Amino acid sequence: MSGVNKVILVGRLGADPEVKAIGSGSTVARLNIATSETWVKDGQRQEKTEWHRVTVWGKLAEICGKHLAKGRQVYVEGKLQTRQWEDQQGQKRYTTEIVASTVQFLGAAGAEAGSSRSSSAGNDDFNFQDFGPEPSFNSNDEIPF
């Protein structure tokens, strides 16, 4: 039986995407995405932010570099992947990152807000649409179910 390796994130970019063309003619983009959770403990509001490294490849990487910027909210689907390399001192280093298969742009960013999807079949059909402003959310509101 095989396992499942799937990650879904909704967060905000902590910096503009880093986009590079690599030797094989492919494009890669690196995104740093923050997700936050809040709760109340002893009457005090608490918050924790987690940072995620996301790698995007190909045409989707180019689109992310063109349309995303620091502070933009995104939805990301992908898988966890760990890489290993040796640093300049010969020490083995490891990093775990999310390799994105889907990136959807959330919130408004002028006329270029949009949604981008990439599938394993290499789908180049990108549909751009404006999702409008983000709705406000009060974590103290009761959930209606």
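A: Buried means under 20% relative accessible area, exposed means over 50%, and partly exposed lies in between (1.4 Å probe, protein chains only). This is a predicted model, in which local features need pLDDT of at least 70, side-chain atom pairs count only at pLDDT 80 or more, and totals for chains, interfaces and linings use all residues. Residues are numbered from 1 along each chain as its sequence is written, and side-chain values use heavy atoms, leaving out hydrogens and water.

Q: What percentage of the 145 residues counts as buried?

A: In this protein, 32% of the 145 residues count as buried.

Q: And how many helices and strands are there?

A: There are 1 helix and 7 strands; helices (H or I, at least four residues) and strands (E, at least two) are DSSP runs, numbered from the N terminus. The order from the N terminus is β-β-β-β-α-β-β-β.

Q: Which residues of α1 are buried?

A: They are L60, A61, I63, C64 and H67. These residues lie on the same side of α1, because they cover an arc of only 165° around the axis. The arc is that of the directions from the helix axis to the C-beta atoms.

Q: What does A61 touch, leaving out residues up to four places away in sequence?

A: A61 touches V19, T27, V28, A29 and V56, where contact means heavy atoms within 4.5 Å. The relative accessible area of A61 is 0%, so A61 is buried. A61 and V28 are 33 residues apart in sequence, yet their C-alpha atoms are 5.5 Å apart in space.

Q: New topic: how many residues does the largest nonpolar core have?

A: That core has 19 residues, and V54, V56, L68, V76 and V103 have the most contacts inside it. A nonpolar core is a set of buried Ala, Val, Leu, Ile, Met, Phe, Trp, Tyr and Cys residues joined through side-chain atoms within 4.5 Å.

Q: How many salt bridges are there?

A: The count is 5, a salt bridge being a side-chain nitrogen of Lys or Arg within 4 Å of a carboxyl oxygen of Asp or Glu. In one of them, the side chains of E97 and R30 meet at 3.8 Å, N to O. This pair links distant parts of the chain, with E97 in strand β6 and R30 in strand β3, 67 residues apart.

Q: Is E97 buried or exposed?

A: E97 is buried, with a relative accessible area of 5%, whereas R30 is partly exposed at 35%.
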